[in-house]
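Here are my notes for a reader new to this structure. Please keep the model open while going through the points.

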Amino acid sequence: MKEIVRTHQWLPTGSPTGLLVALLTAAHVLATLIPARSQKLVEPGVSRTLARFRTAAIKDLSYDLQFSLPAHPGQRVEAVEKIDFVFRQSPALLQLDFRDSAKAIHALTVNGYPAPVTLTHEHLLIEGRLLKKGPNTIGILFTAGDLSLNRNPDFLYTLLVPDRARTLFPCFDQPDLKARFTLSLDLPKDWHALTNGPLLDSLDEGDHKRYRYEASDPIPTYLFSFAAGHFYELGRDTAQARLLPGDRSEGGPRPMHFYYRETDSVKLKMSLDSVFRIHSDAIGFLQDYTGISYPFKKFDFVAIPDFQFGGMEHPGAIQYRASTLFLPEGATRDQLINRVALLSHETSHMWFGDLVTMRWFNDVWMKEVFANFMADKIARAAYPDDNADLKFLTGHLPAAYSTDRTAGSNPIRQPLENLQDAGSLYGNIIYHKAPVMMRQLEMLMGDTAFRAGVREYLHRYAYGNASWPELIEILGAHTTRDLQSWNRVWVEKPGRPVFSYRMKAENGWIESLTLLQKAEDGSDNTWPQSFKIALVYRDHTESIPVFMDGPEKRIGSARGKPLPLFIVFNAGGEGYGLFPADGKSAAGLFTLADPVKRASAYINLYENMLAGRALCPTQYLAWATKGLTLEKEELNLGLLLEQLQSVFWRFLPRGERNTERRNKTVKNTADRNTTNRNTVGRSIGDSLWSAMQQNDHPNSKKLLFQAFSNISLDREAQDTLFRIWRDQHPPSGVKLSEEDYTALATGLALRQYPGWKDILRDQLSRIKNVDNRRRLVFLLPALSDDQRERDRFFGSLKNRENRQKESWVLTALGYLHHPLRNDTSEKYIRPSLELLEQVHATGGVFFPQSWLQATLGYYNTPSAAAIVRQFLRDHPHYDPRLKQKIIQASDNLFRAVKLNQR
């Protein structure tokens, strides 16, 4: 602590350690001088009112931070901070955000004078009498909070979105107070580190070293970040990749640096070049599209094992989930495309979200929709041979529908009064419905006008903040369309339209065709949108463009055409809603030549099944199984397999799913369901295996094999999977990675295959990567056949420290609540719901929804549905956003019960 003080000259210079004690004592004495009336103005979190006051009062903000990082995760992280800013009005009570104990603040100075440490409702109070109009400096000696440090045995990283910076250090934690961050790190000698700013210098000091970094570009607190630990570092100079052409500060390119822990030589060889190239291509595209050169001082990134998100867009220090970047040999096309999408998404954020940031987190969706929207454009440009429309359709519509079809659906743009609730805004609507909305907006305006508006927006608000209404106003100036009325239904209202049609025919010719739409939620909303319908004949199809601008639309161009065999709605994948589909046309869908039409038809049929308007679950399974050998497009096969597995585990009654043969000597239905396993499962498993053997494409073969290993329940199939795992000899044409073999081992354990404990032990010894070994060790109790051990493991999740590895926890919950264990795991549902508020308060932004999905996702019984409904009745005043998440996550459960009662 003495050394920390010595290296920061803005604390009293020449002061011995004893002065720090004096400062601390004085702070607690002076705390009694803070008027009670001032403390009444303080509330937890960061309210909109507080944020507006500080935005008006503060400018020219900067943070100088020093953290001392010990090697052992159990030791405290000591820190020193200097905050400089200009106060633009008469001094008044100022609130610094800090979500920790007052004991964590060891000393506080304001403009060079000791100040009282008063921490109330997550705010460090600075009395106006200590401040002045004009430049001010606040100095703080403190222990950093652990909640967002993500500490591991030999590495750590910060993740501060949306309002977690205040859990690490005192700050003004709101997006529209951008600041420059200057960082110093004391860390173990064999660690590497990166942050937003370039490395200025390093100094070896015995068994540790000190890194000093240049000031970052102006960024909000949620984008400040650093990662440190045992990482490998790899740089690529301009001779090896096209990097940052036209860089704004030096007039030329500069290298990227990649930090990672992966040790698998095959994955490294398969991934490193691709990761650099994808980033470089994305930067080049975005500079061309926006007319703005890469806007930050550097472009580095780090791959983190079991990272909470796919990625996080910290400028100069992007964080990624390692498993998404390092793909195994034999990676599927979907995995390869998802990597392109992820890297392009985070790179797009450098312009959309980082250069121009939302004013308030109610517009967090703006940065996400643009990142997804631009990532789709980047993929189209970089990979013109790929079917971008197909990827857009399969990548967005099923996920968006999974939330928007529920009674808990939410608008794209939601109100937000306090940043502590910002995490609940994230979900499928902003990540998957919003890109569909943005594509419709571009189609409505025309791509040239849309691009001109986006460029004006970025140039006008560069390094600043803007809101969605400000963007809509700019875009509105570039078109004659009424964007305000369009915006009200697409952005400000939840739900989706339900389409139907009326067709009159005479003598085999269409007399009239009328499309109708109504809101699924019963409101009077209608969604203006463009899409196509396809009239399907024996030897060809005819596509007809539609602009649906009201509740009804007469399709004049259809008049006089021959009566088709059937119609595919949303044939080009641009539209959004529940489109008509029926069982009569199902058999003909596999004959459609266009993969986009097939994918759209598959989605329509699945959605209609869920709505009770088409095939029942068993009929759907029979139809989908027939398509396993007919569907040759890999993305479509993946979609079909995902839907098939979802119906099998979620919507098929357990009596049908689990019955191998009706044993008339077994009278107890529950016993029969648990002892016999195979009629439907075995039939589908046989079809999957046969389709795998017939398919010539390696990626498709792997998709079919993975589905086989997931669905097959009979002993013969398990014997096959065991031999593949034991001999590490996959089926011909299928390549399996270490992670695949681990999945086989855990699948056999869930099925209580003979010797499963030895299988898990042997698999643990096979794993070379230390992070993957730690993960499996964590998961073992959730795989146990001992109910008491599973109970203890679930009980341990009540402690926050046991939930820190969120991806591990979610996998473990998947094991606990696996459909094969529903009878014994249903008792965890209520306690899981009781924990939701804690999960929300301490976890990442996606964790609450993922927690619910992992808990509720595979139940389909009235008893499970009753538990959820009873919980909601018992909590009539429950947080409305979390209640909404529960309803969203329970939708499949409620639908399954309803479908099975028919």
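Is Asn 111 buried, partly exposed or exposed? Asn 111 is partly exposed, with a relative accessibility of 22%. (Buried means under 20% relative accessible area, exposed over 50%, and partly exposed in between, with a 1.4 Å probe and protein chains only.)

1. Basis. This is a predicted model, in which local features need pLDDT of at least 70 and side-chain atom pairs count only at pLDDT 80 or more, while totals for chains, interfaces and linings use all residues. Residues are numbered from 1 along each chain as its sequence is written, and side-chain values use heavy atoms, leaving out hydrogens and water.

2. Asn 111 sits in the loop between strand S4 (105-110) and strand S5 (113-114). Helices (H or I, at least four residues) and strands (E, at least two) are DSSP runs, numbered from the N terminus. Phi of Asn 111 is near 55°, a positive value in a residue other than glycine. His 121 also has a positive phi, near 50°. Its loop runs between strand S6 (119-120) and strand S7 (123-126). His 121 is partly exposed, at 43% relative accessible area.

3. A cis peptide bond. The bond from Val 161 to Pro 162 is cis, with omega near -5°. Pro 162 belongs to the loop between strand S10 (155-157) and H5.

4. Arg 166. This residue lies in helix H5 (residues 165-168). Arg 166 is buried, with a relative accessible area of 1%. Beyond its neighbours within four places in sequence, its contacts (heavy atoms within 4.5 Å) include Asp 97, Glu 122, Cys 171 and Asp 173.

5. Cysteines. The structure holds 0 disulfides (pairs of cysteine sulfur atoms within 2.5 Å). Cys 171 is buried, at 0% relative accessible area. Cys 616 is partly exposed, at 30%.

6. Nonpolar core. In soluble globular proteins, nonpolar side chains tend to be buried together. Here the largest nonpolar core has 273 residues. Such a core is a set of buried Ala, Val, Leu, Ile, Met, Phe, Trp, Tyr and Cys residues joined through side-chain atoms within 4.5 Å. Phe 67, Phe 169 and Trp 623 have the most contacts inside it. Setting aside residues up to four places away in sequence, Phe 67 touches, among others, Phe 142, Phe 169 and Phe 226.

7. Helix H32. In H32 (residues 847-856), 8 of the 10 residues are buried. Among them are Phe 847, Trp 851 and Leu 852. The buried residues pack against several helices, including H28 (806-816) and H34 (880-900).

8. Cavities. The whole structure has 6 cavities of 30 Å³ or more. On a 1 Å grid over the protein atoms alone, a cavity is a set of points where a 1.4 Å probe fits but cannot get out, and a pocket is an open set with protein on both sides within 12 Å along at least five of seven lines; lining residues have an atom within 4 Å of a point. The largest cavity has a volume of about 180 Å³. Its lining has 17 residues, with Leu 147, Gln 308, Glu 806, Thr 842 and Gly 844 nearest its centre.

9. Second largest pocket. Its volume is about 430 Å³. Grid points are joined across faces, edges and corners, and a volume is the space filled by probe spheres set on the points. Of its 20 lining residues, Asp 264, Leu 736, Ser 737, Glu 738 and Lys 768 lie nearest its centre.
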